[in-house]
Amino acid sequence: MAVKAIAHSYWRSIKRGTRTFESIPDSVKDDVRTLAKADVQEGVITAEQYEQYIGEPYSNDKTA
């Protein structure tokens, strides 16, 4: 699955604290989740940070 380019911008804004996950358009939420999960897997953020940013527990389930 290709991640929309705008999702990268939204994800950076969420990590900076200038935007919340709830405030982004539904059309990019899955892509932002994908980027956030990749950051957990790469050790950029922790699973706890994922939950703070995204508002749901981290799951490594590829279908979620």
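A47 lies in helix α3, where helices (H or I, at least four residues) are DSSP runs numbered from the N terminus, as are strands (E, at least two). With a relative accessible area of 29%, A47 is partly exposed; on this scale buried means under 20% relative accessible area, exposed means over 50%, and partly exposed is whatever falls in between (1.4 Å probe, protein chains only). The model is a predicted one, so to speak of local features pLDDT has to be at least 70 and side-chain atom pairs count only at pLDDT 80 or more, while totals for chains, interfaces and linings use all residues. Residues are numbered from 1 along each chain as its sequence is written, and side-chain values use heavy atoms, with hydrogens and water left out.

Leaving out residues up to four places away in sequence, A47 touches V40 and Y58, contact being heavy atoms within 4.5 Å.

The crossing of α2 and α3 is right-handed, a label used if the near helix is turned clockwise from the far one by less than a right angle, with anticlockwise giving left-handed. On the α2 side the contact is made by V32, R33, A36, K37 and V40, and on the α3 side by A47, Y50 and I54. Sorted by class, the residues of this contact come out as six nonpolar, no polar and two charged; Ala, Val, Leu, Ile, Met, Phe, Trp, Tyr, Cys and Pro count as nonpolar, Asp, Glu, Lys and Arg as charged, and the others, Gly among them, as polar.

The other helix pair is set up at another angle. Helix α1 (residues 5-16) and helix α2 (residues 26-41) have axes that come within 9 Å and cross at roughly 60 degrees, and α1 and α2 are therefore oblique to each other. Here too, α1 passes α2 in a right-handed crossing. From α1, the residues I6, A7, H8, Y10, W11, I14 and K15 meet V28, D31, V32, L35, A36 and D39 in α2. This contact of α1 with α2 has nine nonpolar, one polar and three charged residues.

V28, in helix α2, is buried, with a relative accessible area of 3%. Apart from residues up to four places away in sequence, V28 touches K4, I6 and Y10. V44, by contrast, sits 16 residues from V28 in sequence and 21 Å from it in space, C-alpha to C-alpha.

What about the core? In soluble globular proteins, nonpolar side chains tend to be buried together. The largest nonpolar core in this model has 14 residues, and W11, I14, F21, I24, V32, Y50 and I54 are those with the most contacts inside it; such a core is a set of buried Ala, Val, Leu, Ile, Met, Phe, Trp, Tyr and Cys residues joined through side-chain atoms within 4.5 Å. Two or more residues of this core come from each of α1, α2 and α3 (47-54). The largest share, five residues, is supplied by α2.I54 lies in helix α3 and, at 2% relative accessibility, counts as buried. Neighbours within four places in sequence aside, I54 is in contact with W11, F21, E22, V32, R33 and A36. K15 is 39 residues from I54 in sequence and 10.0 Å from it in space, C-alpha to C-alpha. I24, for its part, touches Y10, I14, R19, K29 and V32, again not counting residues up to four places away in sequence.

K29 is found in helix α2 and counts as buried at 16% relative accessibility. T20 is found in the loop between α1 and α2 and, at 42% relative accessibility, counts as partly exposed.

Key: Axes fitted to C-alpha atoms, helices over the stretch in contact; angles between N-to-C directions. Parallel < 35°, antiparallel > 145°, perpendicular 65-115°, else oblique.
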